Protein chains: 2
Amino acid sequence: MSEIAKSPAPPYYAVIFTSVRTEGDNGYAKMADEMTELGVDQPGFLGVESVRDAEGAGITVSYWDSLEAIENWRNHPRHQEAQKLGQELWYKSFATRVCKVERHGRFKPPNAE
Amino acid sequence: MSEIAKSPAPPYYAVIFTSVRTEGDNGYAKMADEMTELGVDQPGFLGVESVRDAEGAGITVSYWDSLEAIENWRNHPRHQEAQKLGQELWYKSFATRVCKVERHGRFKPPNAE
């Protein structure tokens, strides 16, 4: 994650995807890059934040302007293929939570770059 | 993060805390442990998921049964001290988003431990 996602004034929507990876790459990194590139181009996409630690636990939060935008991305044919491979190969377990962001705040110190 | 947080049927609430750490520990790890211990004991706490990568980017999502529970934890005196030190010492930048979880799904393959 290079920086914290900018987002408009609430309300907007978030998808919290929490996961634990299986061992080995098995094509995961390539597909993850492809999904990031494809995801940011979808209608209604606002931003994404993603972190994975050395033990394979990860949290990705993507932000969207509507529930319809989330639904369209969920049903995108290439994303559906990735979801199938995720269940078969890449994840020991995961949870997906669809949320309405009701309030947000940001902090950056005055002397920040 | 040892495992994905269990949570009740929606709706419930989530606080997404995304942050980028400053260099060095400066008492952060000790306070983070203390806040985790204190947080899980608060009324209305449902669960927490937290990941930080080697570059210092982190996402912590805590789950709560109400907005009131989130507000009470935000205003807890010891948590307020931690928030102040966070702005002064530990974070280059952060964002806090308060969300209503409207839908969730989980996956664990049939052969999982």
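Which residue of E4(B) stands opposite Arg103(A)? In the predicted model, that position is taken by Val98(B). The pair belongs to an antiparallel arrangement in which strand E4 of chain A (residues 91-107) and E4(B) are joined over 13 bridges. The predictor assigns the complex an ipTM of 0.93 and a pTM of 0.93. For chain A, the mean pLDDT is 93, and 95% of the residues reach 70 or more.

The contact between the chains involves 36 residues of chain B and 35 residues of chain A. On the side of chain B that touches chain A, two or more residues are given by each of strand E1 (12-21), strand E2 (45-52), strand E3 (57-64) and strand E4 (91-107) of chain B. E4(B) gives the most to this side, with 17 residues. In composition, the side of chain B that touches chain A comprises 19 nonpolar, 7 polar and 10 charged residues.

The relation between the copies was examined by superposition. Chain B is placed on chain A by a rotation of 180° with 0.0 Å of shift along its axis, at an RMSD of 0.0 Å. This is the relation of a two-fold axis. Of the interface residues of chain B, 97% are also interface residues in chain A, so the copies meet through the same surface.

Within chain B, strand E1 has bridges to both E4(B) and E3(B). E1(B) and E4(B) run antiparallel and are joined by 10 bridges; here Ser19(B) has Phe94(B) of E4(B) as its bridge partner. The pairing of E1(B) with E3(B) is likewise antiparallel and extends over 8 bridges, with Tyr63(B) in E3(B) as the bridge partner of Ala14(B). Because 8 of the 10 residues of E1(B) are buried, this strand is largely enclosed by the rest of the structure.

The strands of chain A were considered in the corresponding way. E1(A) is mostly covered, 8 of its 10 residues being buried. An antiparallel pairing over 10 bridges links E1(A) to E4(A), and Arg21(A) has Tyr91(A) in E4(A) as its bridge partner. E1(A) also pairs with E3(A) in the antiparallel sense, over 8 bridges; in E3(A), Val61(A) stands opposite Ile16(A).

The largest nonpolar core contains 41 residues, of which Tyr13(A), Ala14(A), Cys99(A), Tyr13(B), Ala14(B) and Cys99(B) touch the most other members. Two or more residues are given to this core by each of strand E1 (12-21), strand E3 (57-64) and E4 of chain A, and by E1, E3 and E4 of chain B. E4(A) gives the most to this core, with 6 residues. The surroundings of Ala14(B) draw on both chains: beyond its neighbours within four places in sequence, Ala14(B) is in contact with Ile16(A), Arg97(A) and Cys99(A), as well as with Val61(B), Tyr63(B), Cys99(B) and Val101(B).

A residue outside the strands was also examined. Lys6(A) lies in the segment before E1 of chain A. Lys6(A) is exposed, because 10 other C-beta atoms lie within 10 Å and a residue with 12 or fewer counts as exposed. In sequence, Lys6(A) and Glu88(A) are 82 residues apart, and their C-alpha atoms are 33 Å apart in space.

Methods
Residues numbered from 1 in each chain as written. Chains lettered and ligands numbered in written order. Predicted model: local features only at pLDDT ≥ 70, side-chain atom pairs only at ≥ 80, totals over all residues. Contact = placed C-beta atoms within 7 Å. Helix = DSSP H or I, 4+ residues; strand = E, 2+ residues; numbered from the N terminus. Nonpolar A, V, L, I, M, F, W, Y, C, P; charged D, E, K, R; others polar. Pairing = 2+ DSSP bridges. pLDDT = per-residue confidence, 0-100. Least-squares fit on C-alpha atoms with pLDDT ≥ 70 in both. Buried ≥ 20, exposed ≤ 12 C-beta atoms within 10 Å, placed from the backbone. Core = buried A, V, L, I, M, F, W, Y, C linked by C-beta atoms within 7 Å.
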